Amino acid sequence: MVVAIIGLGLIGGSIGLALRQGKKSRWEIVGYSRRQETVANALSLGAIERGETKLKDAVEQADVVIIATPVLTVKEIFSQIAPHLPSGCIVTDTASTKVQVMKWAQEILPPTVDFIGGHPMAGRETYGIQAAKAGLFRGCTYCLTPSEKASPKSVDTVIGMVKKLGARPLFIDAQGHDNLVAGISHLPMLLSAALISLTTKNPSWPKMSKLAASGYHDLTRLASGSPEVNSHICLSNQEAIVDWIDKFIQELEGYRQLVTKGDKRLEQALTEANKARQEWLNNLSA
């Protein structure tokens with residue numbers, strides 16, 4: 001089975017590495033990037049078997065096409081590959097938002113192909129092909145949003161691919177996906193970036209930075225992600241993200257009031273948050 005991966009960054013490279021694992025892998029991986037240097041790096045790392053810098057050459061013989069690029073570039077990629085996709089080809093993506101992607105797929109892709117939206121709930125604070133690793137998706141949830149006309153056979157093929165990555169497939173509708181990930185993925189990324197912006201712009205930062213330890217490091221990790229990818233996420237899921245920002249401001253204001261008043265209920269609020277997080281961690285390991 002020929003799999004064309006469009007976009008050879010952290011996600012695309014990691015997918016290639018994972019699918020190529022094993023002596024008898026049935027996945028033949030072709031990789032595309034605009035930059036020859038990226039293609040060369042992906043080849044040297046073993047993430048792909050063949051590299052292309054022209055989209056037509058990457059997809060014209062593909063059984064499965066995986067688009068692993070920043071979300072706002074997906075529409076243009078659809079337009080460029082649509083005339084060259086073989087009949088019966090499966091197209092999927094890894095974008096962190098789904099409503100816009102599903103709409104573009106319906107409008108642009110030919111009726112002879114099946115589109116199945118995808119989003120692996122995995123990542124690292126580093127990005128680029130050099131950050132790729134075969135085990136990136138092991139144990140993670142992989143969201144799948146098939147188009148209405150996608151055949152059961154195509155869906156089964158993508159499920160098999162997801163399992164080969166070591167991930168757990170979860171079917172979810174596009175709107176529900178975007179609302180939920182805005183709270184547990186997109187909002188945390190913006191909070192991380194905002195904390196970095198706030199503290200590093202403070203005149204006391206030279207001294208403060210020497211005191212910053214594991215807590216600050218953990219809370220700001222997501223700010224190290226790809227600025228291009230993260231900005232595309234925000235601009236393709238504005239309504240849901242703004243809603244979660246507003247809710248967070250209200251929650252933070254509640255904590256502000258407790259601190260300002262020296263309210264003894266602060267400890268209770270922190271205790272409830274502590275228990276809620278521990279319950280979540282317990283469920284993860286169950």
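**Close-ups of aromatic rings and charges**

**View 1. Phe-78, a buried ring.** At 0% relative accessibility, Phe-78 counts as buried (that label means under 20% relative accessible area, with exposed over 50% and partly exposed in between, using a 1.4 Å probe and protein chains only). A quick note before going on: this is a predicted model, where local features need pLDDT of at least 70 and side-chain atom pairs count only at pLDDT 80 or more, while totals for chains, interfaces and linings use all residues. Residues are numbered from 1 along each chain as its sequence is written, and side-chain values use heavy atoms, leaving out hydrogens and water.

View 2. Phe-78 and Phe-115 make an edge-to-face one, 5.5 Å centre to centre with 85° between the planes. Phe-78 lies in helix H4 and Phe-115 in strand S6, so the pair ties together parts 37 residues apart in sequence (helices, H or I of at least four residues, and strands, E of at least two, are DSSP runs numbered from the N terminus). Phe-115 is buried too, at 3% relative accessibility.

**View 3. Trp-205 with Tyr-216.** This pair is tilted, at 5.8 Å centre to centre and 40° between the planes. Trp-205 belongs to helix H8 and Tyr-216 to helix H9, 11 residues apart.

**View 4. A charge over a ring.** Arg-26 has its charged end over the ring of Trp-27, 4.6 Å from the centre (CZ of Arg or NZ of Lys must be within 6 Å of the ring centre and within 35 degrees of the ring normal).

How values were computed
Phe/Tyr/Trp six-rings, centres within 6.5 Å; stacked < 30°, edge-to-face > 60°.
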